[in-house]
Amino acid sequence: MITKLNHVSIFVLNQDSAFEFYVKKLGFKVHTDASMGPGMRWLTVCPPEQPDLEITLMLIEEGMMFKGAAASQMRELVKNGTFGFGVFECNDLNATYEELKAKGVVFKKPPTKEFYGYEALFADDSGNWFSLGQKDK
Amino acid sequence: MKETTGIYPKFYLYNRIVKAKLYIDDNYCNNIDLSNISDEACFSRFHFLRLFKSVYGKTPHQYLIQVRINKAMEFLEQDFKINDTCFKVGFDSVSSFSGLFRRMHGCSPSEYQRLYKIRQANIKARPLNYIPNCFVEPIK
């Protein structure tokens with residue numbers, strides 16, 4: 001029986017810049033930052049209230065994950081905003097929107113009432129986008 | 001604001017509350033007078049407390065303490081001494097800092113620092129132990 005999800009990967013163009021975005025702007029905590037030799041870095045972060053879900057900030061480069069031209073194709077897809085990687089939750093969407101906007105996070109959609117709920121959309125520094133919703137109050 | 005029309009009422013309230021929160025984030029190490037924050041946010045103290053708590057689930061004072069303790073963790077991870085950490089994040093007394101830290105994290109600041117150092121040393125010595133198998137296999 002599967003009991004939980006503990007790792008998920010987000011493909012990023014630059015790990016230093018992703019670190020700045022997820023840690024300094026979104027306020028995520030670094031879980032593991034391990035060097036595995038020249039040019040290889042295992043970097044995972046967690047949402048502040050979800051310390052057992054590691055989000056791996058996976059660098060897109062030719063090597064163990066991507067063979068041949070796949071790396072450059074993947075970089076283009078990410079850069080062009082092809083992938084929506086998930087839904088984040090916050091306590092108060094309006095306040096979080098104001099705060100993240102003040103920190104320079106780019107929103108593709110401001111808080112909007114949709115038939116399925118109240119959501120905003122933002123993109124990370126690579127081009128991956130996410131939905132942001134709020135807990136029922 | 002165009003984006004607020006019809007979908008985002010009372011944004012100015014959020015704007016003030018968020019500014020107050022960011023003020024705490026930036027000035028946690030100073031002796032912050034929380035009544036000044038409500039003045040700056042142009043609210044009565046009561047109204048400010050109520051709105052802040054409804055947005056962040058904590059009073060401004062509770063939030064300030066949380067920010068200070070979180071920052072303390074970062075300084076401890078950077079190997080600052082307990083006393084230095086205490087004063088750097090805005091506490092006046094090491095005993096109250098240690099007590100709050102223990103209450104929030106279940107261990108003392110020195111224990112936290114000790115465990116953090118051990119984990120970092122282990123990551124450095126055996127990084128593959130911290131990576132799930134499926135990602136380790138291709139680089140073995």
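**Chatting through a two-chain model**

Trainee: How far does helix α4 of chain B reach from its first C-alpha to its last?
Mentor: Keep in mind that this is a predicted model. Helix α4 (residues 60-77) of chain B has 18 residues, and at 1.5 Å a residue you'd expect 26 Å. The span in the model is close to that, at 26 Å.

Trainee: Which residues of α4(B) are buried?
Mentor: To count as buried, a residue needs 20 or more other C-beta atoms within 10 Å of its own. In α4(B), the ones that pass are B:P60, B:Y63, B:R68, B:A72 and B:L76.

Trainee: Which element gives the most to the side of chain A that touches chain B?
Mentor: Between the chains, 18 residues of chain A are in contact with 20 of chain B. On the chain A side, β2 (29-35), α3 and β6 (106-114) each give two or more residues. The top contributor, with five residues, is α3(A).

Trainee: Are α3(A) and α1(B) parallel, perpendicular or oblique to each other?
Mentor: The axes of α3 (residues 93-102) of chain A and α1 (residues 11-27) of chain B come within 9 Å and cross at roughly 60 degrees. Roughly perpendicular would take 65 to 115 degrees, and roughly parallel an angle under 35. The two helices are therefore oblique.

Trainee: Is the crossing of α3(A) and α1(B) left-handed or right-handed?
Mentor: Residues making this contact include A:N94 and A:E98 of α3(A), and B:Y14 and B:V18 of α1(B). As α3(A) passes α1(B), the crossing is right-handed.

Definitions and conventions
Residues numbered from 1 in each chain as written. Chains lettered and ligands numbered in written order. Predicted model: local features only at pLDDT ≥ 70, side-chain atom pairs only at ≥ 80, totals over all residues. Axes fitted to C-alpha atoms, helices over the stretch in contact; angles between N-to-C directions. Helix = DSSP H or I, 4+ residues; strand = E, 2+ residues; numbered from the N terminus. Parallel < 35°, antiparallel > 145°, perpendicular 65-115°, else oblique. Left-handed = near helix turned anticlockwise from the far one by under 90°. Contact = placed C-beta atoms within 7 Å. Expected span 1.5 Å × (residues − 1). Buried ≥ 20, exposed ≤ 12 C-beta atoms within 10 Å, placed from the backbone.
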